[in-house]
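Hello,

Here is the structure for your files. My notes follow it.

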Amino acid sequence: MERIVNLAEKLSELSIANYNNPYLLFEWPENLDEDAWYFTPEYISIYGTSEFEQLTTADQKRLSLLEAVNFFSLNIHGEKSLMRGLTKRLYHNRPKEVSDYLHHFVGEENKHMSLFGKFCNRYLGKVYPSRAYEIPNELGEAEEDFLFFVKVVIFEELVDFYNLNMSDDERLHDLARGINQYHHNDEVRHISFGRTITRNLFNQLKPEWSEEKLFQIQAYILAYIESTWKEYYNPYVYNDMKFENAYALFETAWALDGTRAHRAKAGRKCYKYLLDAGMLIQEPEV
Amino acid sequence: MKSEVEIRQSLRQWISTKSKTVDVEKLQDSTRILEERIITSVQLMDLIMYLEFLMGKPVDVTQLKPGVFNTINSIYESFFENTPTSSSVSEVVKC
C-alpha cells in the first residue's frame, strides 16, 4: 500500500506540473484537408485486404478519417466507462493520496473525451455508437476492483500504442498528430498507476483463488482483449465507406495474417506485463 | 428467409465456438449461457456484432431489456421474432 501511496503522490505532482487547457491547444479548421491522412495507413483496420488496395488514394485518405473517428469514438466509450469506475472508487477504501490522484485521472479523461467528441462531431457529424453492454454481476468488491483495473490497463496500453506512433507519424494532419500526442502525455501516468494498482490487487487476491478461479479470471482477461481489439474493426466504418459487405469485410480483415501480426505487435508491451505478473499464462491468440 | 432453425443453429455454433467449454450438441436453447459461464459478459460486445451480422442491421444497446442474453431462446425472441431475416448470410451487409 505504501508503494501505491507514493506513486499516487508523485503522479499528482506530475499532473499538476503538466496541467493545461486543451481547448486552447489546437487549431480546429472549419473543414479538414481532404488530401491528408488522419490515421496511419498501415494501422487502418482493413490494411492489406484487396478492398483497401483497390481504393483510390483519395478514398484511402477518406477511410483514414473514418478510422480516426472510430478510434476516438472507442476512446470516448472506454473512457466513459473508466470514469464511472474511477468516480465510484473516490474516497472509498483507499488512502486519501489515491483519491487525490483519481481526481486528476478523472479530470484528464474528461478533457480527452471532450477533444475526441469535438473532432468526431465537427468532422463526421457523429460519434460511432458503442456495442458495449454491461450486466450486473455478483463479484466480490476486491475481485471487481481487480477486473476493473486490469481492463483499464489493457484498454489504455492498446490505445497508447496508436497514440505514441501516430503522434510521431509525419504523414498525419497536425490536428490528428496533436490529439494523439496530447492523449499519450497523460496516458503515461494513467498506465503507470493502473499497472501498479492492478499488480497489487492481483498479488493480494491470487493466493485466495482456486486453480479453477484463476483459470476463469485468465479466460475473462483473454476475452476482454479480444473484444477490445474487435472495436478497432468496425463494420459501421465500412458501411460509411460504401463497401458492399461490411460484416464480411470485418471477418476478412480480422482473420488476415497481417492484421494478426499488427495486433501482436501493438499488444506486445501489454501482454508482457500481464504474462510477467501471472495474470495470463499464454499470449492472446487474437 | 433464413429460418428460425438456421438462426438458432448459428447462435448455438457461435456460442459453442466462443465458449470452448461446451460442445454445440450439448448446448440447449434454454441453457443459461451467462449464469453457467458458457460465455462471459465481456463477450457480449462480440455477440452483439454477430447478431448485427445475422440481422443485417445495427443493435441499439441502449434499448436492450434486462435478461435479453440469458439464453438462446431469449436472444431469438428479442432479436429475431417478428423481424424479417435474410435468405443468405452473405447477403446481409448493411449496418
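Is the crossing of α4(A) and α6(A) left-handed or right-handed? It is left-handed, meaning that the near helix is turned anticlockwise from the far one by less than a right angle.

First, the ground rules. This is a predicted model: local features need pLDDT of at least 70, side-chain atom pairs count only at pLDDT 80 or more, and totals for chains, interfaces and linings use all residues. Residues are numbered from 1 along each chain as its sequence is written, chains are lettered from A and ligands numbered from 1 in the order written, and side-chain values use heavy atoms, without hydrogens and water.

The helix pair. Helices are DSSP runs (H or I, at least four residues), numbered from the N terminus. The axes of α4 (residues 96-123) and α6 (residues 174-205) of chain A come within 11 Å and cross at roughly 160°. Axes are lines fitted to C-alpha atoms over the stretch in contact; angles run from 0 to 180 degrees between N-to-C directions. So α4(A) is roughly antiparallel to α6(A) (over 145 degrees).

His190(A) sits in α6 of chain A. His190(A) is buried, at 0% relative accessibility (buried means under 20% relative accessible area, 1.4 Å probe, protein chains only). A polar contact of 2.9 Å joins the side chains of His190(A) and Glu109(A) (N or O atoms within 3.5 Å, one able to donate a hydrogen and the other to accept it; residues adjacent in sequence count only if both atoms are side-chain atoms).

Asn234(A) lies in the loop between α7 (211-230) and α8 (235-240). Asn234(A) is buried too, at 4%. Its side chain makes a 2.9 Å polar contact with that of Asn70(A).

Best wishes

Key:
Helices (H or I, at least four residues) and strands (E, at least two) are DSSP runs, numbered from the N terminus. Buried means under 20% relative accessible area, exposed over 50%, partly exposed in between (1.4 Å probe, protein chains only). Angles under 35 degrees count as roughly parallel, over 145 as roughly antiparallel, 65 to 115 as roughly perpendicular and the rest as oblique.
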